[in-house]
Amino acid sequence: MTVWRAVASLACLGIVLMAPAAHAQILPSEPIAFGGGRVTIGADVSATYGSLDPGWFNYTDYEHSALRMLRVDVSAAVNAGAHVAVLGELRTENLGAVRPYALYARIRPWAKRNVDVNIGRVPPTFGAFARRTYANDNPLIGYPLAYQYLTSLRPDAVPASAQELLDKRSQGWRVRYTLGDQAADRGVPLVSAFRFDTGVQIHAENDLVRATAAVTTGTVANPLFHDDNGGRQIAARMELRPVAGLILGASGARGPFVGATAARGAVGDGHDREFTQSAYGGDVEYSRGYYLLRYETIVSDWRLPIVRPPVLDLPLRAVSTSVEGRYKIAPGVYAAARVDHLGFSEITAAQGTLPWEAPVTRVEVGSGFSIQHNLLLKLSVQRNIRDGGRLTPRDTLFAGQLAFWF
Amino acid sequence: MEIHTRMTQRTQRTRRAERGAPVQSVIVFLISFVSFVSFVSFVFVAQPTLQAPRTGSIRGRVELRRVVSPPERRPSVADPGAPAGRDLPDLRRSIVYLESAPRGAFETNEGGRAVMDQRNETFVPHVLAITTGMTVDFPNSDKFYHNVFSLSKTQRFDLGRYAAGRSQSVRFDRPGIVRVFCDIHSHMNAFILVFSHPFYALTDDEGRYRIERVPPGTYNVVAWNEGASSDPKSVTVHDGSIAELDFSVR
């Protein structure tokens, strides 16, 4: 970590920790506002400590496990009248580099109509969980597998054959291929919950329907700030809210996944946009009284430039299913559980016919205790099972998390 | 004959009079007795009413010497749409109350109900003052869910999620300050001040208050606004008088 990174990270933390002094109380409970409410600053801080994860089930990249992470998010909104607002968020993990997680302008063309146009590094369009990745929105400590578990696919490097792909099963935390960038790096999840994509997004809503569509630079698995293949992703999501407490959602996205360098390395020029990721998702949320139930399934297909025999049966498909529930036991105390499964389509190579990535199942149960209304202690235990690959096939992991937000 | 007749009439009247004397005595006795009993009752039973202490009032004005702005929404960075408009809570209202008050006849724990509505993502009223034993209803007047809860030491409760037109209630049996939140809308909050006596008043738009029916005596009075309290001020209330007391809350 460079000195500047450390200074920036500490400054980020400083905003969070200095805020209490302004309000002369132990911890701030509300966003900091300036200019008559035109500027608001909020923050989310979560400190997680848990078991070592030798199976790399919870890693979000080579260095960061979701079970051992200090995450600081500072978000801000600047309202420049009834039609324009600028929103941004800085994030740092384990006091590393401070990254601009989000930065976009929100334009409301008609002040009295719920239609917004977002331009810049915009919020996720696809899926339900991507909009609630903050610790206070996630009843457990782990993330749903579809949004966190690193598969062995990379946008900047591709396997030359099916055999090479099968050799890399379960190594998504640090994988290396022969085509494209040959340095080891992390693979991608089905949908990234840790980065915003860049582009233009339009959103409209009324009491019954919320619809969002976006044209962005990357794909749901690999959101980007700088384009790497000259292609654009189109994503859309529609939510129906027929009765209070019930949300029915459907999402779809399609865009070029493989970067230009990797594609050229495999098949030469002119094919940059052929190697796509297509994703479809459905989700249901129902809540009433003390219950909250969520279900989400995502299907993702990738087309890769596999050039050597044995030839792959394209596309490579991954299917995730996640069921989550939360029940409030008493004021300030809840119990939660999530069952997650990631399955993959089969391919044939010298090793036989196998799923192209090792299927993973996770069961996580936990509980949350509110110390004050914006300070939450979570405890959880998760059982991870991986069917194949070279790494630890089973792990039982414990974790505790302290989450604070204002 | 005429004389005899007169004599006879007089004799008859005399005899009637002699026969009626005991009846009159009984009537007189009864009237006297009733009058005596009434007098005694009046003197010994009604006397406490006559001697009951007359009450006074405390009135004045609360000046807010700090700028309190309504809680803003958290920046909705992850939401693709701008949040809907909402009502802003009225933060000018203060509560003025006696720090301690005579107990007994003036203490009321007889229950009763109050309402704190959830309307356009705001608790209405933003500040509610009640006495112990009262029940507060929390109706949901919005089209979407709310989830009222409090983690205050005075009263912890969580009413769960409920839809428009529904209401849940909480009975408050302990005095203290209860901070109320919505678990779904983090910018929604309100205060419920629970007193063990009825000697408190809510200020009006201009900060004026009046505490009625205060028994004569010397009291410490405090003004409270949005979690901040003034220094206690001592005031003496006399029979039937109005004590003036102004506050500033910083």
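Among contacts in chain A between residues at least 6 apart in sequence, 61% join residues at least 24 apart. Two residues count as in contact if their C-beta atoms, placed from the backbone, lie within 7 Å. This is a predicted model, in which local features need pLDDT of at least 70 and side-chain atom pairs count only at pLDDT 80 or more, while totals for chains, interfaces and linings use all residues. Residues are numbered from 1 along each chain as its sequence is written, and chains are lettered from A and ligands numbered from 1 in the order in which they are written.

Staying with chain A, its overall size comes next. The C-alpha atoms of chain A fill a box of roughly 65 × 50 × 45 Å, taken along the principal axes. A compact globule of 406 residues would have a radius of gyration near 22 Å, and the 21 Å of chain A agrees with that. The radius is taken over C-alpha atoms, and the globule rule is 2.2 Å times the number of residues to the power 0.38. Of the 406 residues of chain A, 48% count as buried. Buried is defined as 20 or more other C-beta atoms within 10 Å of the residue's own, exposed as 12 or fewer, and partly exposed as in between, with C-beta atoms placed from the backbone.

Now the secondary structure. Chain A has 4 helices and 21 strands. Helices (H or I, at least four residues) and strands (E, at least two) are DSSP runs, numbered from the N terminus. Strand 4 and strand 5 of chain A pair in the antiparallel sense over 8 bridges; to count as a pair, two strands need at least two bridges found by DSSP. In that pairing, A:E89 stands opposite A:A102 in strand 5. The two strands form a hairpin with 5 residues between them, and A:N94 in the turn has a positive phi of about 50°. Strand 5 of chain A is also joined to strand 6 of chain A, antiparallel, by 5 bridges, with A:I107 opposite A:V117 in strand 6. As background, strands of a sheet pair through backbone hydrogen bonds, either parallel or antiparallel.

Another positive phi in chain A belongs to A:S170, at about 75°, although this residue is not a glycine. A:S170 sits in the loop between helix 3 (162-167) and strand 8 (179-180) of chain A. Is A:S170 buried or exposed? A:S170 counts as buried, because 23 C-beta neighbours lie inside 10 Å.

On to the cores. A nonpolar core here is a set of buried Ala, Val, Leu, Ile, Met, Phe, Trp, Tyr and Cys residues joined through C-beta atoms within 7 Å. The largest has 85 residues, and A:V158 and A:V191 have the most contacts inside it. Strand 3 of chain A gives the most to this core, with 5 residues. Apart from this core lies another, of 48 residues, among them B:F149, B:L159, B:M188 and B:L193. Leaving out residues up to four places away in sequence, A:V191 touches residues including A:F126, A:Y147, A:V220 and A:I298.

That brings us to chain B. There, 5 strands form an open sheet in the order 6-12-11-8-9, with mixed pairing. Strand 6 and strand 9 (156-162) stand at the edges, each with a single partner strand, so one side of each is left without a neighbour in the sheet. Inside the sheet, strand 8 (residues 146-151) and strand 11 (residues 176-182) run antiparallel and are joined by 2 bridges. The bridge partner of B:V148 in strand 11 is B:C182.

Two loops of chain B deserve a mention. A cis peptide bond joins B:V124 and B:P125, with omega about 0°, and B:P125 is in the loop between strand 5 (122-124) and strand 6 (127-131). B:N120, in the loop between strand 4 (117-119) and strand 5 of chain B, has a positive phi near 50° without being a glycine. B:N120 counts as partly exposed, because 13 C-beta neighbours lie inside 10 Å.
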